Amino acid sequence: MLRSLAANGVEYVFANFGTDHTPFIEAAARVRADGESDAIPEFIVCPHEFVALSAAHGYAVATGEPQAVLVHVDVGTQNLGAAMHNAHRANAPVFVIAGLSPVSDVGFAGSRDNPIHYAQDVFDQTSIVEEYCRWTAEYRYPADPNEMIRRGLERTVGTPPGPVYLTAAREALESPSPTELVDPEARQPSRNSRPAGPNDESLAEVVELLQAADRPLIVTSNGIGGPGEPGFDPLVEFAETVGAGVVEHVPHVLCFPRDHDLHVGYDPSERVADADLLLVVESDVPWVPSKTTIPDDLDVVQIDTNPSKATYPHWPFEIDTAVMADPAAALRRLTTLVGEDAGGDGDRWRNRHAEQRRAATRTVTEARERGKLTAATLSDAISDYVDEDTVILQGATTNRVPALKHIPLSEPGSFFWRGGAGLGWSVPGGIGAKLATPQKRVISILGDGGYLFSNPAASVLAANNADAPTLSVIYHNDGWEAVRRATRKQHTDGAAAAQGVPEGDYGDTIDLSRIATITDAHTRRIDSLDALDGALADAVSAVDGGEDAVLDVRLDPE
């Protein structure tokens, strides 16, 4: 299995080992003893499963290449928790392998030899994660282990890509496989399962709508390429040709250059009133119906590899015309078909872009004049250390929009979001992103609550094990601000709001960066705007020099 993973492009196994993994450990030791270390993936020891899967997720979305995660029976599978949800919603190709409790009491290699092997024996371990997976299976001797690996990898990079989950009991993993079965060159997993470009007939109605539209608006979230294909040139050319504004709604990746004069923000509710045609391009949640009203006379076109969104139990978005196709190919063809007959010139959207840039500049200037350390001034300061060789992993929740607005990224592959609701991803995800792009500076941003969810001690140890230094910046606002805001929004005049929503507090915190001092990480707490620039410079210097760094930045109340 290890040889097959490596032969099929898997560089790393992010692992939290258990007693069910002794066959893997022994196999790896034998390979190393034979001087063939390059024939198997490198083990990255991660002292928590959330960290392991998040790191594999970070690597996979940065490269498009699935990585493996090794976890311990049912308890390790449960510890994957929110990381499995994130990988599912982010369409991140990851291959999770979990042991099963031994099935025999005595007489076989791998039989039960510890009381815990009875406690770990459950009726249906796979059901813990089955809903989040593109494929699940159990390896049972004498099946071909190479074929199991090949099939799992094929499914993890399918459309939509995502996690797969393979289990095996110790007895099966201890059973010898005939060498002639293990032939990774025999059949490689298919990596080209995205829909093809559409034919002209299926685009004819869309072409007519574009020719008649003066103010087309595009909403996108997931990027027009698959994992590891971060380019957005077809979308840029299309937007410029038809004069369309582009909204990145809760972007998973950098979908469109944020300094481009047709980029019109992150909230479609602010823009649909100006539009006379709406195009939804690769977006799972193009708007929030309770916040955004789509006019009855506004035509909505969807271009998506997976337009039915089958993994969403509830999907209430009304689409007039859906095109199931590779978005990049569809946009290229539409650009050609529309050509000079496009109805829009884009001036309205360029004016909106200029307005939002002026507003962003004004926000930072006013905060700095008042000496306020806010999410805007912090994000603006971070932007000074962002260039074409920087990757931002976004984990902030309540400060998500300020971070998007004030770190104006423009390079493909420079931005990733966790994809789901599992907080804490950006810190261990940064480990994987750094391993994938060792020449780049990786900066992870998240809130104080999210940092606690990141299993920070396990994350900093895993970063050391992987030699993958990153800078983590904590937007610290003293508690669960998302809980406070949601409560005040839903019960504006309620008793909880009058009491300050005490349930939004998780207790007084000291310098959160001190958690990372269990290694030689560079750490600092920042309490004022005056201290920010110097502290950021020192932290960036530490990371560039190969040292992990964590900054706990205490934001002023706004």
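The model is predicted.

**Stop 1: strand β1**

Select residues 12-15, which form β1. Show the side chains. Y12 and F14 lie on one side of the strand. V13 and A15 lie on the other. Are these four residues buried or exposed? They are all buried, and both faces of β1 are covered.

**Stop 2: the partner β2**

Pick V13 and look across to β2: F43 stands opposite. Now trace the chain between the two strands. The path from β1 to β2 goes through helix α2, residues 22-33. This β-α-β crossover is right-handed.

**Stop 3: the partner β3**

Next, select residues 67-71 for strand β3. β3 also pairs with β1 in the parallel sense, over three bridges. Return to V13 and find A68, which stands opposite in β3.

**Stop 4: the largest pocket**

Move on to the largest pocket, which holds about 1,300 Å³ of space. Select H249, V250, K291, R400 and V401: of the 48 lining residues, these are the closest to the pocket's centre.

Now colour four helices: α4 (73-90), α11 (347-369), α13 (400-406) and α17 (481-490). Each supplies at least two residues of the lining. Which helix gives the largest share? It is α13, with six residues.

Finish by colouring the lining by residue type.

Terms used:
Residues are numbered from 1 along each chain as its sequence is written. This is a predicted model: local features need pLDDT of at least 70, side-chain atom pairs count only at pLDDT 80 or more; totals for chains, interfaces and linings use all residues. Side-chain values use heavy atoms; hydrogens and water are left out. On a 1 Å grid over the protein atoms alone, a cavity is a set of points where a 1.4 Å probe fits but cannot get out, and a pocket is an open set with protein on both sides within 12 Å along at least five of seven lines; lining residues have an atom within 4 Å of a point. Grid points are joined across faces, edges and corners, and a volume is the space filled by probe spheres set on the points. Buried means under 20% relative accessible area, exposed over 50%, partly exposed in between (1.4 Å probe, protein chains only). Two strands pair if DSSP finds at least two bridges between them. A crossover is right-handed if, with the strands pointing away from the viewer, the path from the first strand over the helix to the second runs clockwise.
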